Amino acid sequence: MNSAIHAPSSPSSSSCSYIRPLPCITCASRNFKFPMLLPQATCTTQKMHRCSGGNMEASTNPSPLKNCIVGKYNPGWSETQPLFSKQSLNRHLLPVEALVTPTAQDVSDTPFLGDDKIGVLLLNLGGPETLDDVQPFLFNLFADPDIIRLPRLFGFLQKPLAQFVSVLRAPKSKEGYASIGGGSPLRRMTDAQAEELRKCLWEKNVPANVYVGMRYWHPFTEEAIEQIKRDGITKLVVLPLYPQFSISTSGSSLRLLESIFREDEYLVNMQHTVIPSWYQREGYIKAMVNLIEKELKGFDCPEKVMIFFSAHGVPLAYVEEAGDPYKAEMEECVDLIMEELERRKITNAYTLAYQSRVGPVEWLKPYTDDTIVELGKNGVKSLLAVPISFVSEHIETLEEIDVEYKELALESGIEKWGRVPALGCEPTFISDLADAVIESLPYVGAMAVSNLEARQSLVPLGSVEELLAAYDSQRRELPPPVLVWEWGWTKSAETWNGRAAMLAVLLLLFLEVTTGEGFLHQWGILPLFR
């Protein structure tokens, strides 16, 4: 087991059991053709700590500014090329104190609005609202090639495979949704966040319409786009409700937007920008810390509580093969939260793990369930779970964390359990999202090169196709994260067995489609696609 447990910090400590450098997106994403990446919001100074006996040395090395680009959609986007030279980037370094993006200041005066009609599009996953919605929701999820990636030669099997997996998993998923009231509350909560964001923007003198576009259930992104067109929006800020960027969440929604934009003349001419991640914003960090601090007070001995950050996992191949920045952003997010807690004199031990894995391929580790068992064995008695990648309550928080992981914790010897609620409509959080939108407005449709110096303190920006070209220009084929059986004994066997199983499923589906016979046809699964 290789989970990292961070001991409480102490100024007088003579040794340290776990010290690691702050993650650097440029380093973590070294597989990219160029360092323009991404979703990293600010140029941070990477602090390297070295422990030797009773001494700790600290050195600082400025990392290059992550390129941020904005613009009008260009359907003629071609092969990705570097936009800035290394020398040019090095001229625009942020100071050390810019580690956390400051909130917008003086936002009451917004002369840049003019006659434009401003829209904000919130992107989220979506969830089934009734038990009857579960199987079609799962079909939409697994039909997404960013969730189950097939070799291009077998792309025609995407929907049959999605139908097969969704039918197989629907009964168990229905049990989970039944336990939380018969459906996901995600739409209701996202609608509430949209309304609070709209009110907050108007209070800050930005009369904007706010729309909700879900990836896999109603209201679909396509529905939101149609309403945006009907309302005559001329400038659009796209804001995924995922604090950290990942190919499988924000990236999938952006890829869908790319295809929608390409096919619609109105959208091609509409200026837009994307805020791909915002985990490092001061308002978000403080909102999370406020909730953690409040929940800690509910324990008899708050200082002895282990703070347990649980993030939604992604397949390891997404990070190692496709350069997904999710892991690095998640680790830095936890670091920033703990730094803010320490400023408030809260120095609890903490750890980070990843939940919700499925299938035989290897996902980001350590796994949440394994870590809980390990903590129990190590004598941890009080645990506060923090759902770090979720801003709304849904199945992963209400059922997986509150029911499954709590039960596992109690069985493992942990006596006191607590859980930090999702941010929801927490005022500091909503106000900070509004500030992020306002900060991005002057640069909707602008070129970053001419505005680079002026926008160093702003959230990261980029147009849809530019961000996609940055993180996934070649659409590398990855091991699928969702399969239905597992075997093998070693870490490498996990990956290779996953690939072998995928080939077996593809062969089975190919024979079903070409011969018209077999158990899938007998079950009535595949005739829909003939």
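Arg344 comes out as partly exposed, with a relative accessible area of 24% (buried is under 20%, exposed over 50% and partly exposed in between, using a 1.4 Å probe and protein chains only). Its salt-bridge partner is Glu293, with the closest N and O atoms 2.9 Å apart; a salt bridge here takes a side-chain nitrogen of Lys or Arg within 4 Å of a carboxyl oxygen of Asp or Glu. Glu293 is partly exposed too, at 22% relative accessibility. Glu293 belongs to helix H9 and Arg344 to the loop between helix H11 (326-343) and E10, so the bridge ties together parts 51 residues apart in sequence. Helices (H or I, at least four residues) and strands (E, at least two) are DSSP runs numbered from the N terminus. Through shared partners, salt bridges join Glu293, Glu340, Arg343 and Arg344 into one network.

The model is a predicted one, in which local features need pLDDT of at least 70 and side-chain atom pairs count only at pLDDT 80 or more, while totals for chains, interfaces and linings use all residues. Residues are numbered from 1 along each chain as its sequence is written, and side-chain values use heavy atoms, with hydrogens and water left out.

Overall, the protein has 18 helices and 12 strands, and 57% of its 530 residues count as buried. Among contacts (heavy atoms within 4.5 Å) with a separation of 6 or more, residues 24 or more positions apart account for 81%. The salt-bridge count comes to 23.

In H9, Lys286 and Glu282 are 4 residues apart, about one turn of the helix, and their side chains meet at 3.0 Å, N to O. Lys286 is partly exposed at 31% relative accessibility, and Glu282 is partly exposed at 27%. Helix H6 (residues 221-230) holds another such pair, Lys229 and Glu226, 3 residues apart and so separated by about one helical turn. Their salt bridge is 3.6 Å, N to O. Lys229 is partly exposed at 23% relative accessibility, as is Glu226 at 37%.

Glu400 lies in H13 (residues 395-411) and is buried, yet has no salt bridge; Arg357, the nearest side chain of opposite charge, is 7.8 Å away. For charge, Lys and Arg count as positive and Asp and Glu as negative, with His and the chain ends not counted. What does the side chain of Glu400 make a polar contact with? Tyr405 is one partner, side chain to side chain, at 2.9 Å, and the side chain of Ser356 is joined to that of Glu400 at 2.7 Å. A polar contact is a pair of N or O atoms within 3.5 Å; within protein, one must be able to donate a hydrogen and the other to accept it, and residues adjacent in sequence count only if both atoms are side-chain atoms. Not counting residues up to four places away in sequence, Glu400 touches Gln355, Ser356, Ile395 and Tyr405.

Glu399, also in H13, is buried without a salt bridge as well, and the nearest side chain of opposite charge is Lys172, 6.8 Å away. Leaving aside neighbours within four places in sequence, Glu399 is in contact with Gly176, Ser179, Ile180, His394 and Glu404.

Arg357 turns up again at an aromatic ring: its charged end sits over the ring of Tyr367, 3.7 Å from the centre. The rule asks for NZ of Lys or CZ of Arg within 6 Å of the ring centre and within 35 degrees of the ring normal.

Rings of Phe, Tyr and Trp (its six-membered ring) pair if their centres lie within 6.5 Å, with planes under 30 degrees apart counted as stacked, over 60 as edge-to-face and the rest as tilted. Trp278 and Phe429 have ring centres 5.7 Å apart and planes at 40°, so this pair is tilted. It links distant parts of the chain, 151 residues apart: Trp278 is in the loop between strand E8 (271-274) and helix H9 (282-296), and Phe429 is in helix H14 (residues 427-440). Trp278 is buried at 1% relative accessibility, and Phe429 is buried at 1%. Phe309 and Tyr350 make an edge-to-face pair, 6.3 Å centre to centre with 85° between the planes. Both Phe309 and Tyr350 are buried.
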